[in-house]
Amino acid sequence: IYAIPLEILEEIFLNLPHHQVVCICRLVCRQWKEVADSESLWIERCRREGYQPCHASRTPSDWREFYFLCKKRRNLIKNPRGDNAMKFWEIIANGGDRWNPEGLLFAHPNEEVKNNFVTSYQKCVKSQLIDLVNEGYSPSFLDDFQPDVRVSDWYAPRWDCGSEYEINVQLLNENRHPIQTFAPSKIYFEQWNDQKWQQITHVFQNYGPGARYVQFTHGGKDRQFWAGWYGIRVTDSRVEICPARDT
């Protein structure tokens with residue numbers, strides 16, 4: 001039996017699905033494991049698939065981990081659109097007739113969004129705590145690489161009712177103390193507005209070591225004190241870990 005040259009074996013692995021390389025190929029023999037674990041293989045996979053680190057000054061210590069975290073980028077907020085009622089959300093304030101998950105009153109720019117949360121005539125605020133380590137991001141990766149943490153939220157008023165919207169997102173350390181905070185001023189809408197969906201975004205960067213949680217909190221109310229659900233609408237909230245540059 002002749003050994004396959006390493007450069008040819010690496011090229012073969014580069015053309016196989018990444019999970020097969022890790023779960024099957026690296027178990028075949030010592031030579032295959034050496035190639036499957038090599039830094040050069042994962043650097044080249046990243047290059048071919050366009051995964052470039054967000055910050056040139058910070059290169060991954062583990063390129064395989066970097067590659068897999070890029071592949072698994074996803075929204076860490078659970079039930080972001082109200083498809084599952086209020087599940088996964090902690091209710092901080094539930095004034096008036098309380099939070100209400102319901103179908104859209106008017107179309108969202110993303111056709112996949114069919115539902116939203118609606119506030120009432122007194123303050124309604126809800127929150128979700130995301131444990132980054134439990135979501136698969138190792139402490140060493142978070143501390144050494146400090147990937148961008150992108151947060152966003154969509155909100156909209158009713159055209160016939162004044163309302164207000166607020167958001168507060170914090171990066172927390174292991175003791176749940178704030179490292180960085182995004183807390184813009186409240187946004188107010190007058191009655192008889194243009195009733196459009198708007199998106200607010202923020203990217204946490206250069207936050208230093210220690211980030212372990214994200215606390216996402218938002219809400220608002222209507223300003224006419226009408227019974228029912230005439231307040232601000234929120235949907236498609238997102239928290240994403242972004243190791244690679246958006247292209």
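**Exercise 1. A bridge between Asp160 and Arg158**

Find the salt bridge that joins the side chains of Asp160 and Arg158, and work out whether each partner is buried or exposed.

*Solution.* 
- Step 1: A salt bridge here is a side-chain nitrogen of Lys or Arg within 4 Å of a carboxyl oxygen of Asp or Glu.
- Step 2: Buried means under 20% relative accessible area, exposed over 50%, and partly exposed in between (1.4 Å probe, protein chains only). Asp160 has a relative accessible area of 12%, so Asp160 is buried.
- Step 3: Arg158 comes out at 15%, so Arg158 is buried too.

A word on the ground rules: this is a predicted model, so local features need pLDDT of at least 70 and side-chain atom pairs count only at pLDDT 80 or more, while totals for chains, interfaces and linings use all residues. Residues are numbered from 1 along each chain as its sequence is written, and side-chain values use heavy atoms, with hydrogens and water left out.

**Exercise 2. Salt bridges across the chain**

How many salt bridges are there by this rule, and which parts of the chain do Glu11 and Arg48 tie together?

*Solution.* 
- Step 1: The count comes to 21 salt bridges.
- Step 2: One of them brings the side chains of Glu11 and Arg48 together at 2.9 Å, N to O. Glu11 lies in helix H1 and Arg48 in helix H4, so this pair ties together parts that are 37 residues apart in sequence. (Helices, H or I with at least four residues, and strands, E with at least two, are DSSP runs numbered from the N terminus.)
- Step 3: Check the cover. Glu11 counts as partly exposed because its relative accessibility is 36%, and Arg48, at 40%, is partly exposed as well.
- Step 4: Now try Arg26 and Asp37, whose side chains meet at 2.8 Å, N to O. Arg26 sits in the loop between H2 and H3, and Asp37 in the loop between H3 and H4, 11 residues apart.
- Step 5: Finish with a network of salt bridges, which links Arg73, Arg81, Arg150, Asp236, Arg238 and Glu240.

**Exercise 3. Ring meets ring**

Sort the aromatic pairs Phe66–Phe145 and Phe106–Trp197 by geometry.

*Solution.* 
- Step 1: Rings of Phe, Tyr and Trp (its six-membered ring) pair if their centres lie within 6.5 Å; planes under 30 degrees apart are stacked, over 60 edge-to-face, and the rest tilted. The structure holds 16 such pairs.
- Step 2: Phe66 and Phe145 are 5.5 Å apart, centre to centre, with 65° between the planes, and they count as edge-to-face. Phe66 belongs to helix H5 (residues 63-71) and Phe145 to helix H6 (residues 139-145), 79 residues apart.
- Step 3: Phe66 is buried because its relative accessibility is 0%; Phe145 is buried at 4%.
- Step 4: Phe106 and Trp197 are tilted: 5.5 Å centre to centre, 40° between the planes. Phe106 is in the loop between strands E2 (100-103) and E3 (115-118), and Trp197 in the loop between E8 (187-189) and E9 (198-204), so the pair ties together parts 91 residues apart in sequence. Both residues are buried.
- Step 5: Look also for the cluster in which ring pairs link Trp42, Tyr51, Tyr67 and Phe68.

**Exercise 4. What covers H4?**

Which residues of helix H4 (residues 39-49) are buried, and what covers them?

*Solution.* 
- Step 1: The buried residues are Leu41, Trp42, Glu44, Arg45 and Cys46.
- Step 2: Their cover includes H1, helix H2 (18-23), helix H3 (30-36) and H5.
- Step 3: Go on past the helix: H4 is followed by Gly50, with a positive phi near 80°.

Key
Contact = heavy atoms within 4.5 Å.
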